[in-house]
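Hello,

Here is the structure I promised to pass on. My notes on it follow below.

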Amino acid sequence: MKRAHRLSRRSFVSLSAAALAGCVVRRPALSPLAVSLPRPSMPQLQWQRDELALFLHFGVNTFSDREWGDGRESPSIFNPGALDARQWARAAKAADFRTLILTAKHHDGFCLWPTATTSHSVASSPWRSGHGDVVREFVDACRSESLNVGLYLSPWDRNNPAYGDSDRYNDLYCEQLTELLTRYGKVSEVWFDGANGEGPNGKRQRYDWPRVWSLVRRLQPEAVMFSDAGPDVRWCGNERGVAGDPNWSTVDPTIVSYPGADGPKIIDALQHGDPQGTVWRPAEVDVSIRPGWFYHAAEDAKVRSVDDLVGLYFSSVGRNGKLLLNVPPTRDGLLHRTDVERLIGMRRALDDLFDAELGAVRTMEWRVHNSKTATLDMNIGASTLVNVIRLEENITRGQRVARYTISGAFGTDEPKPIVSGTTIGFTKLERLSPPRRLSRIRLSIEDAVAEPEQVRVRVFST
Ligand code: FUL
């Protein structure tokens, strides 16, 4: 049975209650396990349920045609003649992205808001005769489309003379954060980039991360903080749009303990997390729709295709990550027509893929065999051409599954393995290519870090 269904973000509880009608649950008496799994906070949970965020790299690099400014750019080059943040927000909304994250300051040190901490800002630019505030227009636009606000404030600052004079710069950085986190209302995500180098004086900066993180917690207690080292959400370890496999949302916090940390184990830890990790820190997958992070006219013909963007959804959200897709505004201050078309195309393609979710199943039996294995048998009734299977753990109770196999059968045949995987977490997407005609589906949990709990299996047909 097909049911028109836009991929929903209703709570796990209400969905599984519906799906559980007619479900048999069998569970042997297991000795109580002394495990206490890390679990997400409410902001982390909401962050993950939103699935998609849009990144906006914008600043003097947009005008100098560079990716990394050196801090010597004149503010006079910043003049986006037709800047319209509403256009950014409308495009995000139309494509069902829930949060927008703006580079309030990139490594070049140019501030997109009129800060009291430096004259290297929009206030010294010709844009709006020096009276403009990109952050304000951005925040207002997000609010008018009911989208969450996120801000990126580069720790590395190649312009500021205080950079590298560690205490002085730490004070200044905290002042900049304080301005951003007190002037513009609720901020949902604060983004700390790990890229780091010398200051204008050739000196290296020693950051005071505990101070920075506690400042954000105090000023915006509901914001999640992103960096290599979290504390709330972590970099996925690459900029290609591909979350690790396996991808645990738990980490050992001693391995990557500050943004920009370097070492042999770092990338592996970021990509995969740690099944024994003591801290909940899910992976954010940042990637650009174009080769660069900033807009370059020379890349207008190199915008990712709709298929490519759909692939990114599968390799990020579909692997227990969150997708942060960068779409950089042009020199006019608008998202490029091609990029907007691709975003809308991506949404249409995803809606098509997830449009036909199988409603009620005939019977469902969940059996826990021991502290590591379990089976879910579903009779999905009349045969269905299955395109995508979406697995979801109830992550409010932690992440458990380490290995699984999905088998399927048509009629009275014995189910045969179709696909195997490692972690599930918030979401694991399995695309069946070509689609399979099935009337029964079996999910076998073959390994878990704690007694398996019922996994939700959502079936989408073509
Ligand atoms: C990197 C930066 O160096 C790039 O310019 C960009 O901002 C990317 C998201 O993070 O570390």
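Val 306, Leu 309, Val 310, Tyr 313 and Phe 314 of helix H9 meet Arg 342, Leu 343, Gly 345, Met 346, Ala 349, Leu 350 and Leu 353 of helix H10; contact means heavy atoms within 4.5 Å. By class, this contact has 10 nonpolar residues, one polar and one charged (Ala, Val, Leu, Ile, Met, Phe, Trp, Tyr, Cys and Pro count as nonpolar; Asp, Glu, Lys and Arg as charged; the others, Gly among them, as polar).

This is a predicted model: local features need pLDDT of at least 70, side-chain atom pairs count only at pLDDT 80 or more, and totals for chains, interfaces and linings use all residues. Residues are numbered from 1 along each chain as its sequence is written, and side-chain values use heavy atoms, with hydrogens and water left out.

H9 covers residues 306-315 and H10 residues 337-353; their axes come within 9 Å and cross at roughly 60 degrees. Helices (H or I, at least four residues) and strands (E, at least two) are DSSP runs, numbered from the N terminus. Axes are lines fitted to C-alpha atoms, for helices over the stretch in contact, and angles run from 0 to 180 degrees between N-to-C directions. The two helices are therefore oblique to each other (under 35 degrees is roughly parallel, over 145 roughly antiparallel, 65 to 115 roughly perpendicular, the rest oblique).

Now the barrel. Eight strands close into it in the order E3-E4-E5-E6-E7-E8-E11-E12, with parallel pairing. The twist averages 25 degrees from one strand to the next. H9 packs on the sheet and touches E3 (52-56), E11 and E12 (321-326). The direction of H9 makes about 150 degrees with that of E12.

Two strand pairs are worth a look. E6 (residues 189-191) and E7 pair in the parallel sense over three bridges; two strands pair if DSSP finds at least two bridges between them. Trp 191 has Phe 226 in E7 as its bridge partner. E8 (residues 233-235) and E11 (residues 283-288) are parallel too, over two bridges. There, Arg 234 stands opposite Ala 283.

E7 (residues 224-227) is covered on both faces. Val 224 and Phe 226 on one side, and Met 225 and Ser 227 on the other, are all buried (under 20% relative accessible area; exposed is over 50%, partly exposed in between; 1.4 Å probe, protein chains only).

Finally, Arg 400 sits in the loop between E15 (374-392) and E16. Arg 400 counts as buried because its relative accessibility is 9%.

Best wishes
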